[in-house]
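Subject: Structure for you to look at

Hello,

Please find the structure below. My notes on what was found in it follow.

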Amino acid sequence: MGQTLTEKILDDHLVEGDLTPGEEIGIEIDQVLAQDTTGTMVWLQFEALDLDEVQTELAAQYCDHQTYQFDFKNTDDHRFLRSAAGTYGAYFSRPGNGICHNVHKENFAAPGKTLLGSDSHTPTPGGLGELAIGAGGLDIAVAMGGGAYYVEMPEVVNVKLEGELPEWATAKDIVLEMLRRLSVKGGVGKVFEYTGEGAASLTVPERTTITNMGTELGATSSIFETDEQTKDYLERQGRGDEYVELTADEDAEYADEVVIDLADLEPLIAKPSMPDNIVPVREVAGEKVEQVIVGSCTNGGYEDVLPAAKMVKGREIAKHIEMIVAPGSKQAGELLARQGWTAEMMAAGVNVSEATCGPCIGIGHVPASDSVSLRTFNRNFEGRSGIEDDSVFLCSPEVAAAAALKGEIVDPRDLADELGDLDAPGIELPDKYDGSKSDIITPDEAIDDELIKGPNIGNVPLKDELAADIEGETLLHMEDNITTDHIIPATSDILKFRSNIERLSEFTLSRVDDSFAQRAKDADGGVLVAGENYGQGSSREHAAMCPMYLGIEAVFAQSFARIHKANLFNFGIVPLTIDEETYEKIEQGDDIAIVDDVAEAVRSGDEEFTIRVNDDWEATANLKASERERKILAAGGKLSWTKQQYEEG
Ligand code: SF4
């Protein structure tokens, strides 16, 4: 039987297991990336593993999420990251050089390679045929040390794109259509492999918009076959020699198929506050807008900003609107500036920002209270913009620019009719991506050869071996879709403690209940209960590390998001699933005890656990874990387990 492209790449990198969907496999990792908010922990963990240098083909450390240096803590973190990259042999991308996914795509992503990154949108280079997966920082540290990465073998779904996009519909609308059809849970345990003549018609930057936002579907990864478009992009980036032709076999068998006729698509928009809350733009036309932002790792490339620039050129954006353009990388920003587009945007009233994630996680450009913000980003979880009860819509750069001109949400086709001289900008790549590379410090150019730690940089917390008894108060009973933003918010006032777990843990779940951390401390730990899809959103391992630090020993949820579940194992917290009836019956404050000897049951592979609530009634909780995950849990987390492995040789 033939293989899908995903299976071919996994097969090439397989070190453990076979390619049976749902079974755990171990794969070799070629490249790793870390961003600044997860990177400090990656390197502190790498240091704790006592290794001398990076073992993967390539490691890259980016400074993108928080580039505004509010006080010494962030600057210290960035200096620490530079020193770690220098000490251990990684590339270092300076603050302001751009968002990890954009800069990685431009400089390092290569067909057929595997990439592991401590950021949930790591799958972005799938648009170039790289199999890229997001993971927790500890997994990155271990992979950098030459260890395999373990993941459940995903099901491979063929997304067949037919036809061609009509005017004003974009790659963003393709992935919004996927979200409309499949929801934020539709990709869990899956890789989406895009094929067909519609896929072939898309340029690499369009493809990476789709693979980037596959994360919002909950997918393990998304990937495109390579072809003339891939070759063309790499050549324009001056990396034509890295092209490899990669396709699925003709007789490859997919687990499922989704067919989208691109010709049927129209401009779509995600309403607040979930990326799958999709409607046609026309359905929300007329809604007054106060802020428009074009940027992010989804739509911050040269090819994304250019259409918006073409649309506002020679016009003026509405007076009550602030339109911000934050290019995803300095390469994109530099090209736009050299070609005069930055000046055109400024003349139209655009506020041109530095290349950063910033506003995507509520760092800068927080919307005004009770106002609508239209963004080209990938997620709009409530409060992520930096203000609770925000009203953030997600759309293409074309829809964003149209709203900026009109002052309200408008389908760009209708605006074009109204203005008479507004042409659909389409997609255009530069002849050559010839921005300067001065902001990337190569391992050979390293400035530091030892770690530089400021006073806000603490140690990695370690947990004891798993106990026989787990019993504690239900400190929180939470609803469905609790995100890692809920668990540890990424706003600047909180994020500045990312390298100081003792301090950061005080903010744990503060967006759900601001008394939680104190209550957890007073009770000396406890357990958490949640609905479906607990921990969705990002790879932020602090969302497991901080609850662990506060003594949380188990999370009972109806289901878990993939990366967060792995992070719970990594930090020694037992992730148990419960059914809806049990979830409904448990109340906050209830005492939950696991009846079995937990450590013994975890070691011996038991899947069913009996829980006793308030010493009154019993229910079943399930643990779905591989043998390796059980060993990690029993050891008290992955760091302790990996150290044990090294000691045992
Ligand atoms: Fe940065 Fe937002 Fe992309 Fe995350 S989703 S990498 S915060 S731009």
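This is a predicted model: local features need pLDDT of at least 70, side-chain atom pairs count only at pLDDT 80 or more; totals for chains, interfaces and linings use all residues.

Helices (H or I, at least four residues) and strands (E, at least two) are runs assigned by DSSP and numbered from the N terminus. Residues are numbered from 1 along each chain as its sequence is written.

Burial comes up several times below. A residue is buried if 20 or more other C-beta atoms lie within 10 Å of its own, exposed if 12 or fewer, and partly exposed in between, with C-beta atoms placed from the backbone. P397 is buried, because 29 other C-beta atoms lie within 10 Å. P397 and L306 are 91 residues apart in sequence, yet their C-alpha atoms are 8.9 Å apart in space.

Next, the helices. How do the axes of α11 (residues 302–312) and α13 (residues 341–348) cross? They come within 9 Å and cross at roughly 50 degrees. The axes are lines fitted to C-alpha atoms, for helices over the stretch in contact, and angles run from 0 to 180 degrees between N-to-C directions. Angles under 35 degrees count as roughly parallel, over 145 as roughly antiparallel, 65 to 115 as roughly perpendicular and the rest as oblique. α11 and α13 are therefore oblique to each other. Helix α5 (residues 137–144) is mostly covered, with 8 of its 8 residues buried. Among them are L138, D139 and M144. Just after α5, G146 takes a positive phi of about 95 degrees.

Now the ligand. Which residues surround the ligand? They are H65, I99, H101, D119, H121, S296, C297, C357, C360, I361, F377 and N378. A residue counts as near a molecule or strand if its C-beta atom, placed from the backbone, lies within 6 Å of it. The shell divides into 6 nonpolar, 5 polar and 1 charged. Here Ala, Val, Leu, Ile, Met, Phe, Trp, Tyr, Cys and Pro count as nonpolar, Asp, Glu, Lys and Arg as charged, and the others, Gly among them, as polar. The ligand lies between domain 1 (5–264) and domain 2 (275–414), because both give residues to the shell around the ligand. The domain bounds come from an automatic or database domain assignment.

Some backbone details are also worth a look. Most residues other than glycine have a negative phi, and most peptide bonds are trans. H365 has a positive phi of about 50 degrees although it is not a glycine. H365 sits in the loop between β17 (350–352) and β18 (372–375), and counts as buried because it has 20 C-beta neighbours inside 10 Å. L509 is not a glycine either, and has a positive phi of about 55 degrees. L509 is in the loop between α18 (501–504) and α19 (516–523). P272 and S273 are joined by a cis peptide bond, with omega about -5 degrees.

Last, is P455 buried or exposed? P455 counts as exposed, because it has 9 C-beta neighbours inside 10 Å. P455 is in the loop between β20 (440–441) and β21 (471–477). The C-alpha atoms of P455 and K73 are separated by 8.1 Å, although the two residues are 382 apart along the chain.

Regards
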